[in-house]
Amino acid sequence: MEDGRPIFLQIAELLENSILDGTLAEEGQVPSTNELAAFHRINPATAAKGVNKLVDDGTLYKKRGIGMFVSAGARAKLRGRRRDEFARQYVQPLLAEARKLGIDPAELKHMIDTWEETR
Amino acid sequence: MSPVVVTVADLTKRYGDVTALDGVSFSLGENRIYGLLGRNGAGKTTLMQILTAQQFATSGEVAVFGQHPYENESVLSRISFIKESQTYPSNLRVHHVLRAASLVHPRWNEELAQQLVDDFRLPPRRNVRKLSRGMLSALGIIVGLASRAPLTFFDEPYLGLDAVARQIFYDRLLADFTEHPRTIVLSTHLIDEVSDLIEHVLLIDKGRLLLDVEAEALRGQVLTVAGPVAAVDEFARTGAELHRALLGGTARATVRGDFGPADHDRARALGLDLEASSLQDIVVRLTTATNGSAPSTPGVTRKEVLR
C-alpha cells in the first residue's frame with residue numbers, strides 16, 4: 001500500500017478498479033474483508049472500512065450471512081464519477097508540466113492527436 | 001472505540017534521577033493491534049513491564065481488564081508478554097518451553113503452536129541453549145501467538161530473525177488475529193514492516209506520549225514539499241513545519257497538517273514536488289525534532305508537535 005493516502009481508500013479504489021475493468025461482475029460476490037486483509041497484508045478493520053465505504057455509496061450491497069456483492073448499475077455509476085475526476089487527476093498536471101516546458105496548447109493538442117501514430 | 005482493556009492515567013516511573021515515564025495517559029481498546037513506537041530508551045519496555053506487573057509505577061494509575069495487575073491471577077492469566085531476548089532455564093528443550101507456556105495460558109492452542117514450530121523450522125527436541133538467536137526469537141513468537149491471550153505484548157520480538165521468518169510472523173499474526181481477535185501491542189523499530197498491520201499508533205519519546213492516533217489518520221498528513229523557497233513558504237504556512245533543508249534558492253520542508261487532495265493540487269499549482277511521508281519517516285521526524293540533538297539547519301523552525 002502507498003503511504004500518501006489512507007489504506008481504506010486504496011482498498012475501496014482497488015475494488016472499484018476491478019468493477020470498472022469487469023474483473024468483478026455486477027451481482028458477483030466480492031472477496032471478504034478477511035480475504036482482502038490477508039491478500040494485501042493489512043489490518044482487517046481497515047479492509048472492512050474500505051468495503052463499508054462502497055456499501056455506503058451503493059456500489060456494493062450485503063446479503064446477510066453470505067457476503068458482499070456488486071450492485072447492478074455500479075459500473076456505469078463508477079465510470080461517470082471517475083470521468084469527473086479525470087480532469088483533475090490527469091489533465092491538470094499535464095497542463096502544468098506543459099506550461100513549465102513552454103509547450104503551448106496547440107502543440108500539446110497535436111502531441112495528443114498524433115501520439116498513437118508515433119509509437 | 002471498542003471496550004477498554006487497559007487504562008493508564010498520569011503514569012510516571014523514575015529510576016533514581018532518571019525519569020523513564022513522565023505523566024503518560026492513554027487507553028487500549030479490545031481486539032485491536034497497537035504499534036508502540038519510539039527510540040531506544042524512550043520508555044516502551046518500562047511501560048509494558050508496568051502493565052504486566054513486572055515493575056512498580058512511581059505514581060499514576062494503571063488498570064488492566066479493569067483491575068490492578070499486581071499479583072492478580074485473573075488479570076495475569078489473560079496476558080502474554082514476549083520480551084526481547086527472552087532467556088529460558090538452560091536445561092529445557094523447545095518442547096518443554098511450549099509445554100510450560102501451555103500450562104500458564106488458559107487459551108493456549110497446541111495445534112497452532114505445532115503449526116508454527118513447523119513454519120519456523122524449529123527442532124522441537126533441541127536444547128534451548130543450542131538454539132541460534134533467531135530460533136530463540138521464533139520460540140518467543142510461537143509462545144506469544146499460541147497463547148492467544150486477550151492482551152498480548154510483543155516487545156521487539158525478532159532479534160536475529162531473517163526477513164523470511166519476520167514475514168511468516170506478520171502473516172501468521174494477521175491470520176490468527178482475524179480468526180481470534182484480541183488486543184495486541186507490537187513494539188518495534190521495523191516500522192515500515194508493520195505499518196499496514198497496526199490500527200493505532202502510540203509514539204513515546206523520552207518518557208512522554210507524543211502520538212496517540214489512528215494509523216490511518218496519519219497517512220497523508222505529513223508531506224514533504226520541495227521547490228522554490230517562496231512557494232515552500234507559502235505551502236508550509238498551512239501546517240506545522242517539522243523540518244526544513246535549504247539549497248540555494250530551493251527548499252525542502254516537511255509539514256504536518258490536515259491535508260487532502262485539494263492540498264496536493266495546491267502544492268502542484270505552486271510548482272512544488274510533493275511526497276507523502278511513511279509512518280517510519282513521521283516517527284523519525286517527530287522524535288528527532290523534539291530531542292534537540294538533530295543537526296540544525298539555519299532558519300529551521302521547530303514546533304512542538306502533540307497529537
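Start by showing both chains: about 1700 Å² is buried between chain B and chain A, with carbon and sulfur atoms giving 48% of that area. (Buried area here is the accessible area, with a 1.4 Å probe, that two parts lose on being put together, summed over both.) Bear in mind that this is a predicted model, where local features need pLDDT of at least 70, side-chain atom pairs count only at pLDDT 80 or more, and totals for chains, interfaces and linings use all residues. Residues are numbered from 1 along each chain as its sequence is written, chains are lettered from A and ligands numbered from 1 in the order in which they are written, and side-chain values use heavy atoms, leaving out hydrogens and water.

Next, pick B:Asp196, B:Glu216 and B:Arg219: in chain B they lose the most area to chain A, together 36% of what that side buries.

Now zoom in on A:Arg41 and B:Asp171, a salt bridge whose closest N and O atoms are 2.8 Å apart. The rule (a side-chain nitrogen of Lys or Arg within 4 Å of a carboxyl oxygen of Asp or Glu) finds one salt bridge across this interface.

Last stop, chain A: select helices H1 (residues 7-20) and H4 (residues 74-101), whose axes come within 9 Å and cross at roughly 115°. Helices are DSSP runs of H or I, at least four residues, numbered from the N terminus; axes are lines fitted to C-alpha atoms over the stretch in contact, with angles running from 0 to 180 degrees between N-to-C directions. H1(A) and H4(A) are therefore roughly perpendicular (65 to 115 degrees). Show the side chains at their contact, including A:Glu13 and A:Leu20 of H1(A) and A:Arg75 and A:Leu78 of H4(A).

Note on methods: Helices (H or I, at least four residues) and strands (E, at least two) are DSSP runs, numbered from the N terminus. Angles under 35 degrees count as roughly parallel, over 145 as roughly antiparallel, 65 to 115 as roughly perpendicular and the rest as oblique. Contact means heavy atoms within 4.5 Å.
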